[in-house]
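Please keep the sequence and structure in view while reading.

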Amino acid sequence: MAKPLKAAMKRSAILRRQAKHYADNAFDRVFRAASLVQAGQTPFAVLEDDGLVSLRYYPPLTEDTITLDGEVVTVEQNAHRTPVVIVPPLAVNMLIYDLFPERSLVRYLRARGFEVYLIDWGRPTRAHTHFNLHTYVAEFLPHYLDKVRAHSGQQDLSLHGWSMGGMFTLFHAALSRDPHIRNTVILGAPIDSHASGLIGVMYQRFSDVAEWVRERTGFRIHNLKPHWFHTPGWANTIGFKLTNPVGSVMGYWELLARLGDREFVTSHATTSAFLDRMVAYPGGIIQDTVVRIWIDNQLSEGAIQIGDDFARLENVSANLLAIAGATDTMVTPGAAKRVMDHVSSTDKTFRVTPGGHMGILAGSKAPRASWIAIADWLAERSD
């Protein structure tokens, strides 16, 4: 009887320890999630801050090597001549570019020998709701690129833009015709939005309705005040998750199933710190993007109205690397590839990589699927 009793007591002790481990993980995930977040650990300096928009500079790494997706990467000591400027989209927070110590885009680019800058668009409030495409493309972006040039001492720049950041990059290059924008890397940027799967079909229907209303009433969405379209951060979080509702639900189901795995719980908290802290869209941006990019699909013809001017993609002559996600439901490969038909770049490449809209930038497959190729492509064109 003694041996069965001891075995039962041992099993009971193991179960108690497991139960405590699960309970501790659950408590930390719900009540101490911030302590689990691994994002935002790469040091940076703020070169300028106007109270909303700021410019970051990531100084040289102090380590000789970093780890990327389990592989050791030697930190290059000689910097490439052409700096890389990351142009983010609106609505996201900047954690996406420095998500994990071993899966950080800014850290990897720095290790590959690039001077790295990032424009942080900040957290717009209703006081900024009149900001539109012209504000960001023709006012903010030129100003901060000038600051990068002053700090780096280099005129030629490489721009890296994901999602709306890719559109900002193209629009600025088209409007300014800046010959010193040497390289452009764009990811998940819609050029023919009506070709973007089910979302594209939906906007085609909206386009038909909008044209009917315009012809009969003369009404334009731009006739309304921008503050009616201001979209708070929580609404953007919900909207982003609804682009993949099954995946969002399954993520929390997997959390329950793997609650005993501390590493997974930490990873889930880190990813959620990005997804659950999205930022507001100014109303003017919503007016411009919904009407001109999605409903009217102006870019499919190669030009888009920016304020009183038009950004014509034929004016873009910088070296171009365009990337689309194979499973991106927001910007399908068909919607993104049309950029190749319009830009005048002689050196231009289009690639489809694994991942959805967020995955192509910072997903678990992104380092091997795109980061290495992007760094190699830039390195060949940056000295």
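Asp69 has a relative accessibility of 34%, so Asp69 counts as partly exposed. Here buried means under 20% relative accessible area, exposed means over 50%, and partly exposed lies in between, with a 1.4 Å probe and protein chains only. The model is predicted: local features need pLDDT of at least 70, side-chain atom pairs count only at pLDDT 80 or more, and totals for chains, interfaces and linings use all residues. Residues are numbered from 1 along each chain as its sequence is written, and side-chain values use heavy atoms, with hydrogens and water left out.

Asp69 is found in the loop between β3 and β4. Helices (H or I, at least four residues) and strands (E, at least two) are DSSP runs, numbered from the N terminus. The phi angle of Asp69 is near 55°, a positive value in a residue other than glycine. Most residues other than glycine have a negative phi.

Which residue forms a salt bridge with Asp69? Arg368 does, with the closest N and O atoms 2.8 Å apart. This pair links distant parts of the chain: Asp69 sits in the loop between β3 (65–68) and β4 (71–74), Arg368 in helix α14 (residues 366–379), 299 residues apart. Glu71 joins in as well: Asp69, Glu71 and Arg368 are linked in a network of salt bridges.

A salt bridge is a side-chain nitrogen of Lys or Arg within 4 Å of a carboxyl oxygen of Asp or Glu. By this rule the count comes to 19 salt bridges. Three of the pairs are listed here.

| Asp69 | Arg368 | 2.8 Å |

Asp347 lies in the loop between α12 (339–342) and β12 (348–353) and Arg381 in the segment after α14, so the pair ties together parts that are 34 residues apart in sequence. Asp347 is partly exposed, with a relative accessible area of 22%. Arg381 is buried, at 16%.

The pair of Arg292 and Asp288 stays inside one helix. These residues are four apart in helix α10, so about one helical turn separates them. Are they buried or exposed? Both Arg292 and Asp288 are buried.

## Helices α5 and α10

Two packed helices are described by the angle between their axes and the distance between the axes. The axes of α5 (residues 164–176) and α10 (residues 283–295) come within 14 Å and cross at roughly 80°. Axes are lines fitted to C-alpha atoms, for helices over the stretch in contact, and angles run from 0 to 180 degrees between N-to-C directions. The two helices α5 and α10 are therefore roughly perpendicular to each other, a label for angles of 65 to 115 degrees. From α5, Met164, Met167, Phe168 and Phe171 make the contact; from α10, Ile285, Thr289 and Ile293 do. Contact means heavy atoms within 4.5 Å.

Arg177 is found in the loop between α5 and β8 (181–187). Its phi is near 50°, a positive value in a residue other than glycine. Arg177 counts as exposed because its relative accessibility is 57%.

## The loop between α6 and α7

Trp228 lies in the loop between α6 (197–217) and α7 (233–242). At 64% relative accessibility, Trp228 counts as exposed. Phe219, Leu224 and Trp228 form a nonpolar patch on the surface, with about 340 Å² of accessible area together. Patches are made of residues with over 30% relative accessible area and no salt bridge: like charges are joined within 9 Å, nonpolar side chains (Val, Leu, Ile, Met, Phe, Trp, Tyr) within 5 Å.

Phe229 lies in the loop between α6 and α7 as well. Phe229 is partly exposed, at 21% relative accessibility. Not counting residues up to four places away in sequence, Phe229 touches Ile221, Leu224, Tyr281, Gly283, Ile286 and Gln287. Phe229 and Thr129 are 100 residues apart in sequence and 8.1 Å apart in space, C-alpha to C-alpha.

## The whole chain

The secondary structure comes to 14 helices and 12 strands. Of the 383 residues, 52% are buried. Residues 24 or more positions apart account for 79% of the contacts with a separation of 6 or more. The chain exposes about 17,900 Å², and carbon and sulfur atoms supply 56% of it. Accessible areas come from the Shrake-Rupley method with a 1.4 Å probe; for residues, only the protein chains shown count as cover.

Note on methods:
Parallel < 35°, antiparallel > 145°, perpendicular 65-115°, else oblique.
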